[in-house]
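Take a look at the protein below. This report goes from the whole chain down to single residues.

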Amino acid sequence: MATNTELLPFHHQTTIAVFNNLNNNHCGGSGVGAGSNGAGAATSGSGVNGAGAPSWAGMDELYQQTELPGLTRTGATGTTHHHLLRFTPYALHHRPHHQLPALPPAYYLQHAAAAAAAAAAAAAHAQHHHQYHHHQHPHRPASPESPPPVEGTHISNLFPELLEQIFEHLPVRDLGRAAQVCTAWRDAAYAKSVWKGVEAKLHLKRSSPSLFNCLVKRGIKKVQILSLRRSLKDLVLGVPALTSLNLSGCFNVADMNLGHAFSVDLPNLKTLDLSLCKQITDTSLGRIAQHLRNLETLELGGCCNITNTGLLLIAWGLKKLKHLNLRSCWHISDQGIGHLAGFSRETAEGNLQLEYLGLQDCQRLSDEALGHIAQGLTSLKSINLSFCVSVTDSGLKHLARMPKLEQLNLRSCDNISDIGMAYLTEGGSGINSLDVSFCDKISDQALTHIAQGLYRLRSLSLNQCQITDHGMLKIAKALHELENLNIGQCSRITDKGLQTLAEDLTNLKTIDLYGCTQLSSKGLDIIMKLPKLQKLNLGLWLVR
């Protein structure tokens with residue numbers, strides 16, 4: 001997550017003081033004594049010219065990532081001379097005079113990202129010490145000259161392109177720290193390839209042009225607004241390459257805000273999330289349809305003031321729309337779905353490229369809406385009809401005629417029964433995911449129909465349905481590609497049913513047994529022997 005603070009420019013030059021105890025602890029020296037010239041020498045076995053090279057055995061890997069501190073020397077008069085640790089440009093790292101052993105390339109590449117994060121943390125720690133000691137010793141001598149760069153596999157010898165590939169695996173917070181280590185790391189951390197796909201999460205409270213400049217510099221094209229207290233137009237104009245805008249949960253967003261922001265064409269914007277923006281009305285959809293013509297994903301879940309007129313505007317302007325979520329838009333009826341399907345050709349051609357349509361909890365929809373969908377939205381691959389209580393078995397006849405339909409959610413559709421499953425299997429052989437959980441009219445007979453017609457199923461949810469071990473036998477013998485099976489709260493399933501599943505459904509990866517109270521430890525031992533099983537939910541299975 002990239003927040004406002006992490007996206008602001010970083011400070012690159014940091015200076016700290018390193019005391020005797022830091023040298024003793026980090027440099028591995030055997031002690032600091034008074035030399036003949038009034039300067040102590042940290043030794044590591046035998047010295048050279050009275051000043052031994054420090055041993056870097058303990059904290060070697062830490063200081064290799066940044067720069068090594070100069071040794072603190074104590075004069076004969078007791079005066080302490082502090083050499084400074086400076087984070088200087090890429091080619092001027094402080095290093096010991098002896099050659100460090102080269103690491104194997106494979107080992108180095110494996111741990112490079114972790115080393116970069118450790119170095120960034122060391123830089124942040126160094127900056128903290130600098131702020132403290134700067135007030136204690138304001139006048140210090142300049143740092144000594146840097147020795148020539150070390151040859152080999154040291155991280156400072158990597159090409160910038162390799163650094164960028166390593167930084168691509170760092171979290172956003174660690175990227176901010178890495179940018180403070182040195183100018184080379186800063187340049188690599190600012191590369192657009194490192195920030196590809198990152199969504200910036202912002203609080204828009206006051207005017208901050210530098211923030212938008214930082215977004216553009218890093219190539220960030222996805223933004224989520226966490227809170228809004230200023231105009232959205234500043235963001236839209238400040239980041240012209242914006243492709244995704246998430247305003248979900250911003251309860252104060254109203255038609256006026258969107259009307260101001262979307263007053264000009266935004267051809268790059270492809271994803272807009274307005275979930276739970278409950279003040280949005282059809283007026284905003286008119287602006288969106290007029291100026292966001294290339295929009296492919298539109299989330300309107302919880303926008304309870306949207307009506308059929310708003311859907312007419314969407315059908316008129318958003319020809320490239322592929323994903324539309326209308327969850328809990330309670331004013332939408334069969335007529336509005338007809339607009340989307342192109343039944344109002346004189347005013348709107350419809351959204352004929354739709355691949356996903358979310359109609360969860362749209363309780364005014366009936367079987368007529370499913371007829372419009374089957375006739376006009378032939379490219380649809382997934383549809384969510386959960387909690388649409390007015391949909392009946394007859395409506396599933398229409399969905400059975402859709403050759404591209406792959407995912408169907410009928411959860412809590414109270415009027416769906418075994419007969420509806422029979423209708424669905426007459427032509428819905430392309431469906432690979434089916435959810436009929438909490439449809440209390442679904443029984444073993446429905447599983448018989450599913451086993452005969454929906455043989456490509458990979459995911460099947462039957463939570464709290466009236467099924468038994470006999471139904472498990474039917475699907476186990478036919479649905480050999482099944483990977484996910486949810487039979488939670490099916491209290492009539494016993495160990496016998498689990499044994500049937502374990503024998504035939506060898507591709508199962510997840511199974512939900514929550515609330516299956518007739519199971520014993522013997523049945524669980526059997527199901528846990530499935531070769532590909534990854535997730536098993538056993539909540540409340542012992543409750544009587």
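## Contacts and overall make-up

The model is a predicted one. It has 544 residues, and 51% of them are buried. The secondary structure comes to 20 helices and 18 strands.

## Salt bridges

Side chains of opposite charge can pair when their charged atoms come close. How many salt bridges does a search of the whole structure find? The search finds six.

One joins the side chains of Arg177 and Asp174, with 3.6 Å from N to O. Both residues sit in helix H6, which covers residues 172–178. They are three residues apart, so about one helical turn separates them. Are the two partners buried or exposed? Arg177 is partly exposed, at 32% relative accessible area. Asp174 is buried, at 16%, because buried means under 20%.

## Bridges between separate parts

Another salt bridge pairs Glu483 with Arg458, at 3.1 Å from N to O. Glu483 lies in the loop between helix H18 (469–478) and strand S16 (484–486). Arg458 lies in the loop between helix H17 (444–453) and strand S15 (459–461). The pair therefore ties together parts that are 25 residues apart in sequence. Arg458 is partly exposed, with a relative accessible area of 39%. Glu481 also takes part here: Arg458, Glu481 and Glu483 are linked in a network of salt bridges.

Asp504 and Lys477 form a further salt bridge, at 3.2 Å from N to O. This pair links distant parts of the chain, 27 residues apart. Asp504 is in helix H19 (residues 495–504), and Lys477 is in helix H18.

## How H18 and H19 pack

Two packed helices are described by the angle between their axes and the distance between the axes. For H18 and H19, the angle is about 5° and the axes are 8 Å apart. The two helices are therefore roughly parallel to each other, because angles under 35 degrees count as roughly parallel.

Which residues make the contact? H18 supplies Asp469, Met472, Leu473, Ala476 and Lys477. H19 supplies Lys496, Gly497, Thr500, Leu501 and Asp504. These residues divide into four nonpolar, two polar and four charged. Lys477 and Asp504, the salt-bridge partners, are both part of this contact.

## A covered helix

Helix H14 spans residues 367–376 and is mostly covered. Eight of its 10 residues are buried. Among them are Asp367, Leu370, His372 and Ile373. What covers the buried residues of H14? The cover includes two helices, H13 (334–340) and H15 (395–399). It also includes two strands, S11 (356–358) and S12 (382–384).

## Leu357 in strand S11

Leu357 lies in strand S11. Its relative accessibility is 0%, so Leu357 counts as buried. Now set aside its neighbours within four places in sequence. Leu357 is then in contact with residues including Leu324, Leu326, Leu340 and Ile373. Ile373 is itself one of the buried residues of H14.

Lys322 is 35 residues from Leu357 along the chain.

Technical notes. Residues numbered from 1 in each chain as written. Predicted model: local features only at pLDDT ≥ 70, side-chain atom pairs only at ≥ 80, totals over all residues. Heavy atoms only, no water. Salt bridge = Lys/Arg side-chain N within 4 Å of Asp/Glu carboxyl O. Helix = DSSP H or I, 4+ residues; strand = E, 2+ residues; numbered from the N terminus. Buried < 20%, exposed > 50% of the residue type's maximum accessible area, 1.4 Å probe, protein only. Axes fitted to C-alpha atoms, helices over the stretch in contact; angles between N-to-C directions. Parallel < 35°, antiparallel > 145°, perpendicular 65-115°, else oblique. Contact = heavy atoms within 4.5 Å. Nonpolar A, V, L, I, M, F, W, Y, C, P; charged D, E, K, R; others polar.
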